[in-house]
Amino acid sequence: MGPADRTTPDETCSRTTALREQAVNGTSEGPAPLTTTPTARCRHTVTDRGEPERAEPKHTDRAEPEHTDHGEDERTDRADHAGPERADYRGAFAHAPLPMAVVDAEGLVVDANDAFAALLGVVPDELTGRVAADLVDLASDARTWGSYREVLRGRQAGLRCTRRLKHPDGHSLWARITVSPMPESAGRGGRTVLLAAADISARRELQARLRHVQMHDPVTRLPNRNLFFERLAAALEAGAYEDSSTGRVGLCYLDLDGFKAVNDTLGHRIGDRLLAAVAERLTLCADRAGYGRAAPPLVARLGGDEFALLVEESTGTEELADLAEATLKALQEPFDLSGQRLSVSASIGVVERRASGTTTTGLMQAADTTLYWAKTDGKARWTLFDPERNAHRMTRQTLASSLRQAVDRDEFVLDYQPLVGLDDEDVRGVEALVRWQHPRFGLLTPNRFIGLAEEDGSIVQLGRWVLRTACVQARRWQLAHPEREPLFVSVNVAVRQVWDSDLVADVAEILAETGLPAGLLQLELTESAVMGSAGRPLQALQALSDMGVRIAIDDFGTGYSNLAYLSRLPVSVLKLDGSFVRGFQYEEGEAHGNPADEVIVEAMVRLAHRLGLTVTAECVETAAQASRLRRIGCDTGQGWLYSRPVAADRISVLLGEVNPVP
């Protein structure tokens, strides 16, 4: 198609109008020649009924061929159209509902529409020549100001930001500001940008209401867990980087004592009302503590019956301690809930530290640990975080998590302490004492890990290893020293081993594997574990005794001391607790420190002998103690007077040094 075949937009619009006229008039003739002037426009108007309608094009008396070359005429038409087009655009700009302003390269307002003036509460004519950045607060932060200047210079494609504007009548509004370059034209006299400002106040208000619902607890109306952690993270960041703050943060982590009983007995409705009443008192305490400060502590409900009081820019532990004490006193007063008078208490964990280097996770872990301490220490109290106590707890946790693997890695070793006859000071047997050669904490004694092993059940696996290792070693000594009476080996057994494993079968299997006679094995159980035993434990002890294994009661005299059980239990040895022997630490001729100790020991020894039991005294450290125990009639002694717990090879040396039994 050549230039002569092209149809201009004005001709197309005129032809469409002519065809519509023919359709309305009912004519069936072909299209009439269109004679249009360059100003003929096809515009939409709106009727009184609000329906769009095409405006009639204006025609001149001069008719032109439908297909002509408009090369020169089109340029003339554009020039002639410039005035009306600009008028149309200016009309649309002036009456557009979106607030807009045209800004020149210097940042001054060239023109603004009515909506923009109404948004700012001024007359449109007053905006011309004003600094646009001042009108919509674009210079309040350096980043936005720099981007805006780049857009004015044509170096950036656009800018979008949100600003809070102050209306002359006093109210504030939120506006979404958009700045974008406008196409350059010679008629505008240079580069310009279009600045649009959409009022988003209603949207922001809705978002604020939704956020409040999302960040607050519906029962107590306090900030919830989400808002608490948001504020905590902000407080830690501000304390770490702002020089104007104290650089510290404090937390009172609170849990109601016995709240579950309230829910279970009175129902959740009363429970919720109690939580709301507690929240009111906590808020009052926070307001009093915040008097004279920039802001009171934040009170939040973290879930269930757990609350938190966050103190930003704290001044030290004393401030947190005062807040915790005031909180406990406030909660001690009974609550009156529609005739229901309830009394509750609370346990509080208090943590206060520097914000620098502290994380939300670390702070909450410390608070949770301290709250647990307050609970275990008796409840209805506050407890301050103790790093040393926490280190011990962390060590326990580390040990507990690696106990089972330690057995598989052969990290445990046995030391042996001699049991010596008091009449001839000959070694009669040894007690096997387990040690943990921990790769991180070094050599650990049983009091560091046996309790943990009993808690998680790994004592069964560990106890089986100790029993087998001790029996193997006792058999070696028996074979290495056939000239003397064989040593028996004494192994400690936890009561959980009796309940959670087939101890009788384990002992029988190990004795068969090692070849150790049953009479050379002694099993020690604590007095609290043996006394009152019935059912399976008693049956197991009886079966072991029937096999020939010795049963000893360890630490006798410190537990139940139910002497009636001694005649019914298959016990052959009593081991007196060391606390009785320590009372013998006076020298000959000196006054007794506690005469009752010697009387009690003498009575227990005589009672045991009348029942056919032998007696071993623990913690014998001096010759004077050994002499008095010998005079009383005690059979064997164990303690540092004879030897500390040593490795198996040292026992072998000791056996070679003593005189063999003829």
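This briefing covers a charged surface patch, the cysteines and one loop glycine. The model is predicted, so to speak of local features a pLDDT of at least 70 is needed, while side-chain atom pairs count only at pLDDT 80 or more and totals for chains, interfaces and linings use all residues. Residues are numbered from 1 along each chain as its sequence is written, and side-chain values use heavy atoms, with hydrogens and water left out.

**Positive patch**
- Arg160, Arg164, Lys166, Arg176, Arg203 and Arg204 form a positive surface patch (residues with over 30% relative accessible area and no salt bridge, like charges being joined within 9 Å; a salt bridge is a side-chain nitrogen of Lys or Arg within 4 Å of a carboxyl oxygen of Asp or Glu).
- Strand S5 gives the most, with 3 residues.
- Arg164 lies in S5 and is exposed, at 53% relative accessible area (exposed means over 50%, buried under 20% and partly exposed in between, with a 1.4 Å probe and protein chains only).

**Cysteines**
- The structure holds 0 disulfides (pairs of cysteine sulfur atoms within 2.5 Å).
- Cys161 is buried, with a relative accessible area of 8%, and Cys252 is buried too, at 2%.

**A loop glycine**
- Gly316 sits in the loop between strand S10 (306-312) and helix H10 (317-332).
- Gly316 counts as buried because its relative accessibility is 13%.
- From C-alpha to C-alpha, Gly316 and Thr246 are 9.4 Å apart in space, and they are 70 residues apart in sequence.

Key. Patches are made of residues with over 30% relative accessible area and no salt bridge: like charges are joined within 9 Å, nonpolar side chains (Val, Leu, Ile, Met, Phe, Trp, Tyr) within 5 Å. Accessible areas come from the Shrake-Rupley method with a 1.4 Å probe; for residues, only the protein chains shown count as cover. Lys and Arg count as positive and Asp and Glu as negative; His and the chain ends are not counted. The place of a charge is taken as NZ of Lys, CZ of Arg, CG of Asp or CD of Glu. Helices (H or I, at least four residues) and strands (E, at least two) are DSSP runs, numbered from the N terminus.
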